Amino acid sequence: MARTEFDRQIEEGMEQGVTALVRFVSGAPMGEGPGRVGGVPRWQRALMRCVVLAWAVWAALTWWWWEDHGRVIWGSAVVAAVVVPVVVVVAVRGRARRRHMRRLLVPMSLALKELMPAWDDAQRLKALTIPLDRSFVKVALPDGWHGQDGHKEMLRELVHARMGGLWAGEWNLKEYPFHVVFYPKQPTPKPEPPETLDFFSPEVQKAIAQCKPGQFVLGFDERHRPVIKEMTGETAMWALSVGSGGGKSSFLQMVITQLVGQGATVIGVDVKMASIICFEGIEGIHLYTDPGNIGDMRSAVSWVAQEVAARNYIKKQDPKKDFDRLTLILEEGNEFGDASKEWWTENKEKGESASDPMWGDIASVMRMGRHVNVTIIGVFQDLREAAVGNRGLRNMFRLILMGNYNANQWKMIVNTTPVPESVDKAGRMMIIEGNRRVWIQVPYADQDAFREHCLKLRAERGYSTGDLYGSPPAPSPERLPALLQVSRPLPFAQRAPQIESSEGIGAGQMPHDEGRDSERDAGRDSGREVVSLQKEGLAAVDGRPVEAEQPVDGGQEEFLPLAEIARRLADEGITVSADLIRQHKRRRKDFPVGTQIGGKELFTYSALAAYYGADGASENSGDPVEKEPEKEPEKNDDAPPADHSKPSGHVLAEPQDEDADADEEEDETEDEEAPVTLREAQQTFLPNLTIAELRRARAEDPDFPSESERRGAEKFYKPSDLKRWAGVSREGTRVPPFTGNIDFG
């Protein structure tokens, strides 16, 4: 039977219908081209089409076959009420996936065209798998693909560029199906030093035991390894700049303890009075912590500079000579520099430079000290040249430690960019050595534990002063701050009659001196030697006892230096400093005359109490003090005329032989008679003393000679007076031999 055209059309129509039905039910695109990229997933489209097809078949049968129109209407309403919300929810929840497809998957699949030219866009999109959380990237590879022509590296760079960060690929080119999966690289945890570190832990003590002389443990680094630095050569001078709570005090205490273990001598200048005070009294550690005695601190720095000069001279004679370590610690160096500048401005001679020479001594130590084992550890908040005397000190600190800092502090100390972020933890510091930066954790211990350990080290290893060519200056007694002094409203002048009328007490003598005098008298009667200290309760400094008072025969008065009298006057409510008393002694003609005892001019307490008591009473009350008329003494023709220039109760010095003095003055050379400045006297007549020592003596020593004349603001002195004060004979030798220290009373 022949096949007609109508049959052929029927067959083709049936094939097209079946194909359309299959495509409709399977969710495939109904057109010839591929579906829209990033649209609804195929399975969702298939489900929706099947639901719609089932509803359409049921509705047609019910409407035409059973003719139940009401059921069709109600069923359609129920289906619509269920399907519409589901479609809305699916559409909303699918927005993230569609956005993910449009923004990442589709553009990235198009970028694979050059790497996979054999595949079309749909195949490349199907080959690329990236979940919404972007936890991995999987790329299916064509058969025979081996990453030739650099395609493997290009694919890796494409993933890095589109996904961001670093990704590691796992390649499968041996087994079918071929693919590569990229995973993000896990960030390596940043190594950090230990949170805390005990100085007495076995690890720290083992590292300290392994150190050679001149090496010190500073802390542990990020790998928990000890960081050991040498305080020699280029890194002999250290600088610290650590904010509050950063562990600066613990660092200094740790380093001082290691210095003691190596037998070093430590000179500590601390205006803060807290960081290193725990080492006070330990042999070989000399601390100057009284901000009221800046002259002591300057003398300590000057002494270190003199030690450097002496050691360099010895080193020149004996190049193989090795010296014990001498370390100068400057705590709060900027504050000390400001206080020293004020001291210099007040005490410098006319014509001298306005810049503080103290920075010159420090610069000399830094330049010449490392060769002879003299080093400096300075704590600064500002290392700019203007803050350290414009001496070029900044570049000489080759090892700098920073901690708990801010950007401005970094610029003032290191002055490099970019500024690294600070780690604000106690004991966490950065070591800056050239271009190298290392974070460390500083070992910590209690102050008492550091002190006990230092005492133990001194007892076990000993201490030697063989390489010290002088003794550090003894610190002056600490001055009581003005607000802590007890002030009494009743002036001394109103209590003087009660004191003088006390039974068993000499005229002008304080009641609390009675027991002291009775002990002295009892000792004299028993034949044993009695020595009373100038300052009660004052301990010996560096093993040298305080010079004892010399009792004066034939008198009940106690002769005291001006500093002690000033303290006793303060106890009685008469506030007058020792410096002011010395100025009055030099400038006022009615000032009580002292007595020369043991080469020092001493005074009685009663004389100065009477002198300042009247002034104090008039100042406190505002009215002049009425004095009772003095009774005229009975005339005695045999008695010598009274000398009214000296106060009552004052033991006069033995009259000097004026002829002998005149003969002695005639023997002096013309050079000794010509007045000279303080610097000329030091260079010509007193070479064993420095100009700093002479200036300090002029400001603090009551026995220092007064100027003989003044030319403008320049002061001139007689060489004979200066040499007599210094105990120097005409031949230029000390009498007794010079020990390197001057006792300023």
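The model is predicted, so to speak of a local feature takes a pLDDT of at least 70, side-chain atom pairs count only at pLDDT 80 or more, and totals for chains, interfaces and linings use all residues. Residues are numbered from 1 along each chain as its sequence is written, and side-chain values use heavy atoms, with hydrogens and water left out.

Starting with charge, E335, D338, E342 and E346 make up a negative surface patch. Patch members have over 30% relative accessible area and no salt bridge, with like charges joined within 9 Å and nonpolar side chains (Val, Leu, Ile, Met, Phe, Trp, Tyr) within 5 Å. A salt bridge here is a side-chain nitrogen of Lys or Arg within 4 Å of a carboxyl oxygen of Asp or Glu. Asp and Glu count as negative, Lys and Arg as positive, and His and the chain ends are not counted; the place of a charge is NZ of Lys, CZ of Arg, CG of Asp or CD of Glu. Areas come from the Shrake-Rupley method with a 1.4 Å probe, and for residues only the protein chains shown count as cover. E342 sits in helix 10 (residues 333-347); helices (H or I, at least four residues) and strands (E, at least two) are DSSP runs numbered from the N terminus. With a relative accessible area of 52%, E342 is exposed, where exposed means over 50%, buried under 20%, and partly exposed in between (1.4 Å probe, protein chains only).

D382, by contrast, is buried at 12% relative accessibility. D382 belongs to the loop between strand 11 (374-379) and strand 12 (399-403), and its C-alpha is 8.9 Å from that of G333, 49 residues away along the chain.

Strand 13 (residues 428-433) and strand 14 (residues 436-441) pair antiparallel over six bridges; pairing takes at least two DSSP bridges between two strands. E433 has R436 of strand 14 as its bridge partner. Two residues lie between the strands, and G434 has a positive phi near 70°.

Most residues other than glycine have a negative phi, and most peptide bonds are trans. Y176 and P177 are joined by a cis bond with omega about 0°, P177 being in the loop between strand 3 (167-172) and strand 4 (179-184). The bond from T417 to P418 is also cis, with omega near -5°. The loop between helix 12 (407-413) and strand 13 holds P418. N415 lies in the loop between helix 12 and strand 13 and, though not a glycine, has a positive phi of about 60°. H224 has a positive phi near 60° and is partly exposed at 46% relative accessible area.
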